[in-house]
Amino acid sequence: MRALRLENSSLGLHSDYPKPAEAVAQTCVHIQHAALNRRDYWILQGKYPHIQSSTLGSDGCGIVISPSSPYTGQEVILCPSIAWGSNPHIQSKDYTILGMPSNGTFADYCQVPQQLIHPKPPHLSSEQAAALPLAGLTAWRALVSRGNIQPKERVLISGIGGGVSLFAFQLALAHGAEVWVTSSSDHKISKAIQLGAKGGANYTTEKWYRELPAFDIIIDGAGGDGFGSLVRLLGMGGRLVFYGGTQGSWPKLLPQHLFFKQASILGSTMGSPKEFSQLCDFVSNNGIVPVVDSVFSIHSFEKAFAQLNSPQKMGKIILSF
Ligand SMILES: NC(=O)c1ccc[n+]([C@@H]2O[C@H](COP(=O)([O-])OP(=O)(O)OC[C@H]3O[C@@H](n4cnc5c(N)ncnc54)[C@H](OP(=O)(O)O)[C@@H]3O)[C@@H](O)[C@H]2O)c1
């Protein structure tokens with residue numbers, strides 16, 4: 001089978017990699033579409049812990065081929081959280097993410113523990129469904145489990161062009177929140193307003209935060225110098241949930257900007273299989289359609305990775321098999 005593998009620090013498409021052998025309690029899926037995540041890029045840059053040779057890819061949609069599965073012949077998506085464990089609040093010490101160290105979805109066939117298999121939300125195409133798992137799960141936990149979003153709350157999503165941000169945006173709207181965005185691009189802010197945002201600010205302009213009101217929830221994956229402005233934008237009882245640090249360290253924070261407001265800064269990572277089920281049900285019940293930026297053949301994987309860093313990117317990048 002074809003497999004896009006990291007070997008000796010370089011990514012290459014292998015045409016004759018062995019198909020996974022049938023194994024107890026595992027389900028094999030014939031992948032039709034997979035999606036890129038920033039994680040794949042960090043791994044290629046050597047900026048991820050415990051890097052080892054693997055087939056990359058955390059997101060996939062395909063057809064179950066294992067004869068023992070209750071989903072044989074059906075279109076499914078894969079929960080990327082492996083061995084979360086029994087505590088809903090934190091992952092176990094054995095926790096890993098699909099696609100390094102275990103072989104992931106950038107291959108014709110991917111085998112995962114059977115409990116990670118979920119029916120494809122019926123209103124989604126295979127491409128759209130492949131976009132959902134990792135970014136959707138991260139957004140769900142950040143906004144719902146950690147942020148405890150309530151209807152009519154005012155929510156700010158930073159960097160709306162990002163994969164996780166767009167899901168957080170769609171999920172917040174579907175929860176009945178008033179949603180605002182930031183972006184480096186006025187065009188992306190306009191697009192978000194077309195999709196239902198109340199307004200937005202361009203974080204590359206000076207004093208951009210002055211254009212925005214106070215927020216009940218702020219969702220951020222960027223960190224860096226702009227994080228201090230996000231803290232100042234928290235309203236009374238506000239929750240700033242962060243899941244990433246693309247821009248690196250936070251600036252010095254003033255405690256007075258947090259304690260008087262009874263405000264919280266909360267870290268969040270991925271999510272449990274139970275949260276993945278909740279996400280899938282919510283997406284189906286609310287007709288949420290993931291935003292797909294572009295689709296590339298697996299043979300054009302280098303172009304797909306280049307697109308991940310394009311300033312024009314808005315939404316998920318899909319690989320087609
Ligand atoms: N902890 C977890 O479980 C988890 C899960 C997924 C991702 N992550 C991490 O979270 C981060 C985002 O992931 P992703 O998959 O959404 O990545 P992505 O799709 O590559 O997001 C890129 C976006 O980040 C935004 N951005 C860049 N600099 C910014 C800044 N200074 N302020 C605000 N936004 C900024 C940009 O938005 P605009 O184009 O709108 O300017 C850009 O489009 C990555 O570092 C990733 O590793 C963590």
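Here is a walk through the sheet, the ring pairs and the salt bridges of this structure.

Keep in mind that this is a predicted model, where local features need pLDDT of at least 70, side-chain atom pairs count only at pLDDT 80 or more, and totals for chains, interfaces and linings use all residues. Residues are numbered from 1 along each chain as its sequence is written, and side-chain values use heavy atoms, with hydrogens and water left out.

Three strands make up an open, antiparallel sheet in the order 2-1-4. Strand 2 (10–14) and strand 4 (54–55) are the edges, each pairing on one side only. Strands here are DSSP runs of E with at least two residues, helices are runs of H or I with at least four, and both are numbered from the N terminus; two strands pair if DSSP finds at least two bridges between them. Strand 1 (residues 3–7) joins strand 4 over two bridges, and Leu 6 faces Ser 54 across that pairing.

Now the rings. The whole structure has eight aromatic pairs, meaning Phe, Tyr or Trp rings (the six-membered ring for Trp) with centres within 6.5 Å; planes under 30 degrees apart are stacked, over 60 edge-to-face, and the rest tilted. Take Trp 180 and Phe 215: their centres are 6.3 Å apart and their planes at 75°, so they meet edge-to-face. Trp 180 belongs to strand 12 (residues 178–183) and Phe 215 to strand 14 (residues 215–220), 35 residues apart. Phe 215 is buried at 1% relative accessible area, and Trp 180 is buried too, at 14%. (Buried is under 20%, exposed over 50%, partly exposed in between, using a 1.4 Å probe and protein chains only.) Elsewhere, ring pairs join Phe 227, Phe 242 and Trp 250 into a cluster.

On to the charges. There are seven salt bridges, each a side-chain nitrogen of Lys or Arg within 4 Å of a carboxyl oxygen of Asp or Glu. Arg 2 and Asp 108 make one of them, with the closest N and O atoms 2.9 Å apart. Arg 2 sits before strand 1 and Asp 108 in the loop between strand 8 (96–97) and strand 9 (109–113), so the bridge ties together parts 106 residues apart in sequence. Arg 2 is partly exposed at 22%, while Asp 108 is buried at 10%.

Arg 141 and Glu 275 form another salt bridge, at 2.9 Å from N to O. Arg 141 is in helix 3 (residues 133–146) and Glu 275 in helix 8 (residues 273–285), so this pair connects parts 134 residues apart in sequence. Arg 141 is buried at 5%, and Glu 275 is buried at 6%.
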